[in-house]
Each structure stands twice: as C-alpha cells, then as structure tokens.
There are 2 protein chains.
Amino acid sequence: MRDGKPRTRAELIQLTGLARSTVGARVDALLGTGLLAPSGEAASTGGRPPARFAFNPDARVVIGADLGATHAIVALTDLSGRVIAERAEPLDITLGPKPVLDRVVRTAKALLRSAGRRQDELAGVGIGLPGPVEHSSGRPALPPIMPGWDDFDVPGHVSSRLGGCPVLVDNDVNIMALGEHATIYPEVDHLMFVKVATGIGAGIISDGRLTRGAQGSAGDLGHVAAPHGGDVRCTCGNVGCLEAVASGPAIVRSLAAQSVDAGDSRGLISLAKSGDTVATAAIRDAGREIGEVLATCVSLLNPSVIVVGGILAQAAESLLAGIREVVYRRSLPLATGDLQIVAARTGDHAGVIGAATMVIQHALSAEQVELALTSSA
Amino acid sequence: MRDGKPRTRAELIQLTGLARSTVGARVDALLGTGLLAPSGEAASTGGRPPARFAFNPDARVVIGADLGATHAIVALTDLSGRVIAERAEPLDITLGPKPVLDRVVRTAKALLRSAGRRQDELAGVGIGLPGPVEHSSGRPALPPIMPGWDDFDVPGHVSSRLGGCPVLVDNDVNIMALGEHATIYPEVDHLMFVKVATGIGAGIISDGRLTRGAQGSAGDLGHVAAPHGGDVRCTCGNVGCLEAVASGPAIVRSLAAQSVDAGDSRGLISLAKSGDTVATAAIRDAGREIGEVLATCVSLLNPSVIVVGGILAQAAESLLAGIREVVYRRSLPLATGDLQIVAARTGDHAGVIGAATMVIQHALSAEQVELALTSSA
C-alpha cells in the first residue's frame with residue numbers, strides 16, 4: 001500500500017492471494033493504527049459500495065537528527081519523509097553523549113509540541129553521528145572526534161526519554177547517502193555519496209540498498225592510501241592517507257605552505273569563491289587525489305551516480321573538475337559510459353532526511369508492521 | 001520450502017497466511033511439477049493423517065558450464081547444486097561462439113543421456129565466460145580474448161538447441177564467487193572472490209548477494225592503477241594497470257628481465273613449487289601490488305572473507321603472504337579485525353557450481369515459480 005494508491009478489500013485479496021478473513025483482519029488492524037485511512041469510495045458494483053483505503057503518511061511522525069562536530073539539525077517528518085518542522089543549532093559534540101543527546105531530545109519534544117503531535121505518535125528517531133557507529137547496536141566505535149562517546153548506548157539513552165520508541169543510529173555519511181538517494185535519485189540502483197570535509201568518507205547504495213559491510217565500516221575511504229600521499233603523517237597514525245592530503249584541513253595546510261592563510265575549511269571555501277587561483281588550484285589537486293581513489297571504487301562497484309557532498313562540495317567547480325579528470329581517464333569505458341559525477345543537491349538537509357528515511361524504512365518493513373499488528377491485536 | 005523440511009498443508013496455511021484454497025491449489029501445482037514430493041505422513045490428529053510434502057531437489061536438473069581461454073568444464077547438477085556428472089575438455093575460446101557453444105550443447109546432451117535424464121527435465125543452463133558480459137542480455141561486451149564473441153546472443157543460441165530452457169550468462173569471476181560462496185561460505189554475507197591468472201578480477205558478494213553494478217562491470221580490478229605500476233604499458237592501452245604488473249604473464253615477464261625463463265603461468269607455478277626463490281619473491285611482490293588495491297576494497301566494502309583463486313592461487317603461500325602483508329598494514333583495525341584472507345577451496349569446480357547456482361537461484365526465485373505455476377495451471 002506504500003505507493004499511496006487507494007485499494008478495496010477485494011483488490012487486496014486478489015493482489016496478495018491472502019484469505020478474505022486475513023485481509024479483513026489486517027485492514028481493520030491497520031485502520032486501527034491509522035497507517036491506512038479510508039480514501040473515498042470505489043465505483044459501485046451494485047449494493048453497498050466497497051470502501052477504499054490508502055496509506056496515510058500522516059499517521060505517525062519521525063524525528064531525524066544530524067549531528068556534526070559543532071552543530072545539530074533536528075527535523076520532524078511524516079512517514080513519506082516530508083519535513084514538517086526543522087531546527088538547526090550550534091552544538092559541540094565534544095560535550096559528550098549525555099548533554100548532547102539530552103539537547104536533541106529537548107529539541108525533538110519542542111518540534112512535536114510546535115506541530116501539535118503527541119509523543120505516542122512518534123514512529124522512531126534516526127540519528128547520524130560524525131564518526132564510526134556499529135549500526136546493529138547503535139553504539140559509536142572508537143570515534144576520533146567524539147571524546148566520551150565510545151560504546152555509549154545511544155539508542156537506550158534516547159529511547160528511554162521518548163516513550164521507548166525505536167532509535168536507529170548510523171554515521172553521518174551513510175545518513176547523507178540515504179537522504180540524497182531517497183530525495184533526488186530514488187530510481188538509481190547503484191550510487192556512491194562521497195563526503196569531503198574535515199574527514200573523507202562514502203556511503204554506498206548497491207542494488208538500491210545501503211550496504212554497510214561486515215562490521216559496518218564500508219565506505220571508510222579517509223585512510224585509503226592516496227597515490228601521492230607519500231609520507232604525510234595522518235591523524236590515524238598511518239602515513240599517506242587520503243584524508244592527510246585531500247581533506248579540508250589538509251588543503252588549508254598546503255595553502256599555508258604557500259604562504260596563503262585560509263584559516264579553516266570555511267575560509268578556504270570563501271577564498272575559492274572569491275576566485276583566488278591558489279585556493280582553486282589546491283582544491284582541484286585534492287579532487288585529483290580523491291579521483292584516483294574513486295577510480296578504483298568505480299572499477300569495483302560500477303555505480304551510475306557519484307554524488308560529492310560535504311563542505312568542500314561548496315567549491316564544487318574546482319573539486320569536481322579534479323575528480324572527473326582522473327576518474328574518466330583512469331576507469332574503463334564500460335564503467336564510465338553512463339557515469340554521472342555531480343555535487344550534492346539536498347545540501348544541509350540530506351542528513352536529517354536520511355536519518356528519517358532510515359527510521360521510515362525500518363518502521364514500514366514487513367517485519368515491523370507485522371509486529372505492530374500482533375501487539376495491537 | 002527450500003530448506004528441505006517436510007510440511008503439511010495446514011502448516012503452510014499457518015506459515016503463509018494464504019487462503020486454504022490458494023495453498024491447496026499451489027501444493028497441487030507444485031506436486032504436478034515435481035518440485036514438491038510427498039514425504040512421509042504427519043502424526044495423526046485423529047482421522048486421516050495429513051500428507052507432508054518436501055522440496056525435491058531431484059525434480060529437475062541444471063547444466064553449469066565454465067569456459068576458459070583453452071578449456072571447458074560442463075557439469076550436470078540437481079536443484080541443490082550437487083554435481084551428478086561432470087566433463088572437462090580442452091576447448092579454444094578463439095574458435096568463436098558457434099563452434100564453442102555447439103560443443104557445450106553436445107556435452108550437455110551427453111551428460112543428460114549418461115544420467116538417464118530427459119531434456120525437458122532441464123531447469124536451465126548457466127554459462128561462465130572469460131570476459132565481460134552484460135548479464136541482463138547474456139551478451140559478451142567487447143571481450144579482449146574472445147574474438148567474434150562481442151554482442152553474440154549466447155542465451156538465444158544455446159536455448160534454441162536445448163528445448164528453449166532459460167540460459168543465464170556471466171563472467172567467470174562472478175561465477176567462481178557464486179560457487180565458492182554457495183559451497184564453502186553460505187553463511188558469510190560480505191565476501192570478495194579475487195581471481196589472479198592471465199587477468200585479475202573480483203566477484204563481490206554484498207549482503208549475501210552477488211552485486212554486478214550498473215552495467216555489470218563491478219569487480220573489474222585488472223585495470224585499476226597499481227601503486228608501483230609506473231608507466232608499464234597494459235594490453236588495455238592505459239599504463240600502470242594492476243594486470244600489467246601482477247598477473248601471471250606480468251610476473252613471467254619480470255622473471256625474464258632477471259634472466260629466469262618460466263615460459264608461462266603454469267611454468268611459473270612449477271618454479272615456485274620447486275622452491276625457486278626468484279619466482280617466489282616475484283609472486284610475493286605481485287601479491288603486495290594486489291594487496292594495495294585490495295586494501296582500498298576492504299575500506300570500501302568491509303568484507304569478512306577475501307578468497308583468492310585463479311591459477312596463481314596454486315602458489316598461495318607466496319601470493320597470500322604478499323596480499324596479507326599489505327592489507328593488514330594498510331586497512332583500519334575495525335575492518336581487518338575479523339577479516340580472513342584465504343585461498344579458494346572449490347578449485348576447478350567453483351566455476352561450474354557457480355554457474356549452476358546462478359540458474360538454481362533464478363529458477364527457484366518467487367517470480368519464476370509463480371510463472372511456472374501460472375503456465376501449468
């Protein structure tokens with residue numbers, strides 16, 4: 001029913017092959033939860049016209065939260081992922097899990113109140129964090145820029161403060177990949193979302209689904225060896241990592257070595273936007289290094305779209321030029337013939353929409369609907 | 001029912017929620033096709049004991065064919081992938097598609113005859129080819145070592161000679177990945193199979209399923225830039241490709257430059273097995289180059305098993321030593337903590353078992369069973 005098309009009980013019996021009694025009981029239960037709602041009447045076939053029902057995205061609401069190093073965006077959406085209300089605020093992730101998550105909970109409650117929705121209408125909370133997360137448990141795994149967060153029970157802490165609703169957690173890049181895919185490329189089966197900011201990472205959509213790998217670390221491109229990484233020391237302790245030569249801070253350092261003081265990544269973007277040729281050349285060089293690594297990814301995964309996001313994508317022209325130059329030169333024609341390399345379009349919203357999408361996909365999965373029906377029966 | 005466990009009609013009604021009439025009609029239809037067979041009687045609940053049915057892997061047979069540059073292996077299997085009969089023979093792929101495929105068809109018919117099975121019991125044919133294939137159409141796509149095969153309608157040619165049965169085609173590496181996964185690692189969700197031979201390529205199992213990418217070229221690692229590839233010219237026209245420095249022929253060339261004449265890949269393996277230190281060192285160096293590329297793959301995909309196959313895996317000790325050395329040094333601890341890097345174990349059989357597995361997965365997919373039931377109704 002998720003396509004939103006209204007159907008009658010008879011149509012559902014024919015479509016599913018389920019028994020009349022089963023369909024009747026499920027429709028009643030779903031009407032009870034509000035996930036289905038009456039939707040006009042079908043054309044009469046003689047006698048009383050059979051009622052039609054349609055998926056009702058307004059039945060429940062979802063909270064999506066996107067936490068960065070220094071900010072939080074929290075959004076309230078319906079079950080189709082449409083944003084009802086949103087709030088962005090500065091928030092220092094290094095304050096530790098309890099103060100940060102309590103703040104997210106307060107914002108979530110304020111958004112619910114402002115939209116006139118009750119807490120028991122909340123289908124779940126999705127949270128994106130700026131570091132590695134074990135998705136199955138929702139616990140951060142040795143996150144480098146999040147002191148005090150390692151192995152913290154994020155779902156437990158948040159759920160207990162929001163009426164026990166489901167809480168799902170993933171890293172910010174996977175969340176952005178889900179958001180960009182759901183919003184702009186729902187028909188694309190093979191997509192890579194690459195974030196270029198303080199760190200560098202990727203979210204991989206393969207056969208239409210986010211792939212996380214065995215330990216959930218899939219897409220962790222920041223510490224792959226860059227072709228010209230040489231012996232540049234990386235924060236991870238290794239040398240020559242992609243992040244050490246092509247992240248925002250790495251480009252700022254390379255400019256400093258040429259006596260150009262960009263300050264930080266935002267300063268670098270401002271310089272590039274003002275047309276500074278040293279800055280744009282440095283960003284393009286970083287794009288080339290990222291392109292070398294992405295060329296291998298293209299050979300390995302054969303995506304049809306690579307989306308480049310993160311703060312550096314605000315200098316998209318220079319960054320994409322470097323990436324495209326190398327990927328198109330280095331990959332086989334079969335893999336690049338239909339390959340698009342584009343800048344992210346959902347901007348600051350990709351994270352919260354993706355976090356909400358993660359919860360919606362979970363809440364409306366066959367298993368979860370079954371569970372809800374069983375427990376409400 | 002594919003788990004092989006016998007069930008009654010009443011159990012199926014309860015498990016599926018389908019109407020009694022639907023279950024009855026489907027069980028009758030499946031009994032008619034032979035895919036289900038009676039399997040003992042359930043414990044009496046008073047009155048006539050209800051009959052039990054189980055999946056019958058012997059109901060149909062499958063042909064798996066693995067074609068290399070100079071050989072063909074053709075096997076007859078049941079619907080569980082068990083090999084009933086197999087034949088290996090020299091076959092020159094450069095003879096072109098019609099002579100080669102007609103020979104495969106003759107061998108398939110001979111295997112059917114020898115096993116006393118009829119052509120109408122054939123559920124389908126799976127074929128692995130030593131070059132890129134567009135899986136959706138089954139047509140080779142500019143295969144470098146297969147003159148005359150480009151865009152040839154392999155399924156059409158074979159199907160018309162075997163009673164119109166389904167014919168599925170893929171490249172040899174994907175087929176080997178399916179075979180090794182089905183046979184040795186059925187419980188592993190994230191696996192990479194890497195073939196090191198005349199060419200270098202990978203088959204990727206992600207979330208339990210083979211992933212082919214947008215154009216079916218996923219896993220094409222042979223022409224990725226090798227870190228020490230420099231300006232070594234590759235057969236593809238580019239320079240510094242992995243195949244140009246780490247394939248069998250590349251290692252043979254590097255030995256020749258050190259005045260050691262290995263002849264070909266088989267000669268190289270013999271030298272290594274005899275303990276020749278120049279040969280083992282060259283193979284280990286090739287392993288290191290492959291390891292650099294695989295380290296990027298590990299960061300990107302986070303597999304829990306990497307299987308190394310192809311003729312060079314016969315010198316597994318040296319090859320794996322080089323690969324492991326680099327992958328474990330270069331990848332993040334989270335991704336390599338539980339990562340196994342092992343030699344292929346199905347050996348020459350992986351290809352035919354994988355080709356048969358591809359057909360079995362297709363034939364027993366919900367859609368295909370539905371189609372068969374509809375057309376037999």
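**Exercise 1.** How much area do chain B and chain A bury between them?

*Solution.* This is a predicted model: local features need pLDDT of at least 70, side-chain atom pairs count only at pLDDT 80 or more, and totals for chains, interfaces and linings use all residues. Residues are numbered from 1 along each chain as its sequence is written, chains are lettered from A and ligands numbered from 1 in the order in which they are written, and side-chain values use heavy atoms, leaving out hydrogens and water.

Start with the term. Buried area is the accessible area (1.4 Å probe) that two parts lose on being put together, summed over both. For chain B and chain A it comes to about 3,700 Å². Carbon and sulfur atoms carry 54% of that. Next, look at single residues. B:Gln215, B:Leu300 and B:Arg330 supply 20% of the area that chain B buries against chain A, more than any other three residues.

**Exercise 2.** Find how chain B is placed relative to chain A.

*Solution.* Superpose by least squares on the C-alpha atoms of residues with pLDDT of at least 70 in both copies. Now compare the contact residues (heavy atoms within 4.5 Å). Of those in chain B, 100% recur in chain A, and the same surface serves both copies.

**Exercise 3.** Count the residues in contact on each side.

*Solution.* Chain B brings 45 residues, and they meet 45 residues of chain A.
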